[in-house]
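Biologist: Let's go through this one together, and expect me to ask what stands behind each label. Can you put the structure up?

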Amino acid sequence: MAGGVVVRADRGVVEIGGPEAAQFLHGLVTATVKSLVPGDASFGALLTPQGKILFDFFLVKTDAGYLAEIARAAIPDFLKRLGFYRLRAAVTLADRSVDHVVAYAFGDAPAPEGDLAFADPRLPGLATHVLAPAGSPPVATASLHDWHAHRIAHGIPESGLDFPLGDTFPHDANMDDLAGVDFKKGCFIGQEVVSRMKHRGTARKRIVLARALEARPAWPDAGTEIGCAGKTLGTLGSSADGLALALVRLDRAKEAIDLGDAIEAGGVTLGLELPEYAGFHWPETAEG
């Protein structure tokens, strides 16, 4: 895949500033915060107290504070939630989407020069994120479909497409293997639940690759149930060409693989694979 530069009109930018911004974010989100220096970026989420993902984003350190690159549609609720936790902290919050254009350079495409740019923290070589001034946006040389095909091929999920916000643990979305949770930083909202899942190995659902076992499949919609022999294994996520992502119960999926039964979603027969970056494994036996 040659790659290119894709403009993400669906992404926006929130500024978190003020003298207490670092301490505020450090105790709130899963992302690495305090060790970032200007130009550095991390990937993370804001969780419910029960440990489920409310918002996921990229956090960039600037000279003035931090910029969060996040789904544009989520910004009003994100700001509201940050304001709820701010209390009397010396922190400023503002939607700066009108000032920035978000673009990703991926494959062999170089990032446009002169803009705020950072390497995608999730996977080495995945992409360079560009926050360009709204008055001089980058020239798009690739489509959104091209980008999604690229990330799907690397097993990288996207919230809202591959897993639902508000009902997904970070481990379910592979955030622990995609540098999305800083387990060394101490407390953050939902930290107790997430740390327990890590240390006890209790994550049962994971994002995996689903490969169509037929030529040029007509992929069903994201959210379609994946089943085998009358048992639900999980749900299909986004798809491109012959690949898709899927959120599955590892034990049930492994049982189906071991038995050699057909795994299907919307009439498409699938083979399930772990992403190359996965630090998790198929269970040895099904848990039922």
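**Labels and their cut-offs**

Modeller: Just after α5, Gly 260 takes a positive phi of about 75 degrees. This is a predicted model, where local features need pLDDT of at least 70 and side-chain atom pairs count only at pLDDT 80 or more, while totals for chains, interfaces and linings use all residues. Residues are numbered from 1 along each chain as its sequence is written, and side-chain values use heavy atoms, with hydrogens and water left out.

Biologist: Which residues of helix α5 are buried?

Modeller: Leu 250, Asp 251, Ala 253, Lys 254 and Ala 256, in a helix that spans residues 250–259. Helices (H or I, at least four residues) and strands (E, at least two) are DSSP runs, numbered from the N terminus. The buried residues of α5 pack against β10, β11, β12, β13, β14 and β15.

Biologist: Why is Asn 174 called buried?

Modeller: Buried means under 20% relative accessible area, exposed over 50%, and partly exposed in between (1.4 Å probe, protein chains only). Asn 174 has 0%, so the label buried holds. Asn 174 sits in the loop between α3 and α4, and has a positive phi of about 65 degrees without being a glycine. Most residues other than glycine have a negative phi.

Biologist: And Asp 241, buried or exposed?

Modeller: Exposed, because its relative accessible area is 56%. Asp 241 is not a glycine either, yet has a positive phi of about 60 degrees; its place is in the loop between β12 and β13.

Biologist: What does the side chain of Lys 185 reach at 2.6 Å?

Modeller: The backbone oxygen of Val 29, and at 2.7 Å the backbone oxygen of Ala 31. A polar contact is a pair of N or O atoms within 3.5 Å; within protein, one must be able to donate a hydrogen and the other to accept it, and residues adjacent in sequence count only if both atoms are side-chain atoms.

Biologist: How do you know that β4 and β5 pair?

Modeller: Two strands pair if DSSP finds at least two bridges between them. 5 bridges join β4 to β5, antiparallel, so they pair. Phe 58 has Glu 69 as its bridge partner in β5, and a hairpin of 3 residues links β4 to β5. Strand β2 joins β5 through 7 bridges, also antiparallel, with Ile 16 partnered by Tyr 66. Of the 7 residues in β5, 6 are buried.

Biologist: What makes up the largest nonpolar core?

Modeller: 37 residues, with Ile 53, Trp 147 and Met 175 having the most contacts inside it. A nonpolar core is a set of buried Ala, Val, Leu, Ile, Met, Phe, Trp, Tyr and Cys residues joined through side-chain atoms within 4.5 Å. β3 gives the largest share of this core, 4 residues.

Biologist: What is Met 175 in contact with?

Modeller: Contact means heavy atoms within 4.5 Å. Beyond its neighbours within four places in sequence, the partners of Met 175 include Phe 43, Ile 53, Pro 170 and Val 181.
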